[in-house]
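Okay, thanks everyone, I'll keep this short. Have a look at the model on the screen while I walk you through it.

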Amino acid sequence: MQISAKISEKFLPITAEIGYCGTDESFLSYDERDRILTAEYTQEVLNKYEKIRAVGMRVCQTHMTYLPSHRPRMDEYAEYEAYFMPLYEKEITLTAQMGCPTTVMHPYFTDDAVKSREVNVRLIERMLPMLEKNGVILSLENIYGAAYGEAHHSAAEDMLYYAECFRSPYVGICLDTGHAVIRGQDPSAMLRKTAPYLTALHAHATVPGMDLHTIPCTVGQKIKWTEIAQILKESPYKGTFNMEIKPPSQLSEAASVLFYQLAYRIAWDLLGEE
């Protein structure tokens, strides 16, 4: 299994030399909606894609714009759809233009679990034609709510609901190991259940009550990483071992390179490469 990560532009050449096969690219935040919809932003994204290609890497997954868990909810479906659907449509198109197989989505949620599911089913129904047209898989991610609380999309069963509801090759699951720990879930158990529908992965370490996004095996005791790696190897998952990590902001450029080197070596060892 190849190894990818979230990688900033200035580290593309060195991470390619380290051995990373590709990157995890996120689109802009929800409060930059107007900018996302411009032709200038399209060109900005495609320019970075060319730089990724130039160093011999690819875009392994993208992450669509979402409403952060701590922001006020858009309780009316029509309001949410009107705000986000143009973004989804453009970002699915950009994902396809970069030759990327999947885009990750944070499911919509409110305090009402039934309403949350109903809204997401309607959203996915609206998105399916554009996903099929562009050949892009929607990967629904397990998430947490405000203050790391309930969002009705934290357990394996929550994510399986949509995969089994649609049973479409264009609807899958993204397992986020850190989010699982935050919500008191066992990432290994989640992976065993969701593996048949797994289409993306956010592998990173954290501790309860924090979303650290750091290197696997380096903090916390809640994630059985060797078990995670073995389940992945035995599963039908065709994606990469993608680490959603970021060097701490205080690190120098040289130290950040060491951060990426350490992450790659740990992932390499976990996957059983010699």
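Predicted model: local features only at pLDDT ≥ 70, side-chain atom pairs only at ≥ 80, totals over all residues.

Is Glu25 buried or exposed? It's buried, because its relative accessibility comes out at 12% and the cut-off for buried is under 20%. As for polar partners, the Glu25 side chain makes a polar contact with the side chain of Thr23, at 3.0 Å. If you skip the neighbours within four places in sequence, Glu25 is in contact with Ile7, Lys48, Ile52, Val59, Gln61, Thr62 and His63.

Now over to Leu12, in helix H1, which covers residues 12–18. Leu12 has a relative accessible area of 1%, so we call that one buried too. What does Leu12 touch, once we leave out its neighbours within four places in sequence? Its contacts are Ile7, Thr23, Lys48, Lys51, Ile52, Val55 and Met57.

Eight strands make an open sheet, with parallel pairing, and the order reads S7-S6-S5-S4-S3-S2-S1-S8. At the edges you've got S7, 198–202, and S8, 241–243, each pairing on one side only. On average, neighbouring strands here are turned by 30 degrees against each other, ignoring direction.

Let's pick one pair from that. S5, residues 137–141, and S6, residues 171–176, run parallel to each other over four bridges. Within that pair, Leu140 stands opposite Ile173 in S6. Packed on the sheet there is helix H8, residues 187–194, touching S6 and S7, and its direction makes about 165 degrees with that of S6.

Last stop, the core. The largest nonpolar core has 81 residues, and Tyr20, Met127, Phe241 and Met243 have the most contacts inside it. Taking Met243 and ignoring residues up to four places away in sequence, its contacts include Tyr20, Ile3, Ala203, Pro216 and Tyr264.

That's it from me.

Key. Residues numbered from 1 in each chain as written. Heavy atoms only, no water. Helix = DSSP H or I, 4+ residues; strand = E, 2+ residues; numbered from the N terminus. Buried < 20%, exposed > 50% of the residue type's maximum accessible area, 1.4 Å probe, protein only. Contact = heavy atoms within 4.5 Å. Core = buried A, V, L, I, M, F, W, Y, C linked by side-chain atoms within 4.5 Å. Pairing = 2+ DSSP bridges. Axes fitted to C-alpha atoms, helices over the stretch in contact; angles between N-to-C directions. Polar contact = N/O pair within 3.5 Å; in protein donor to acceptor, adjacent residues only side chain to side chain.
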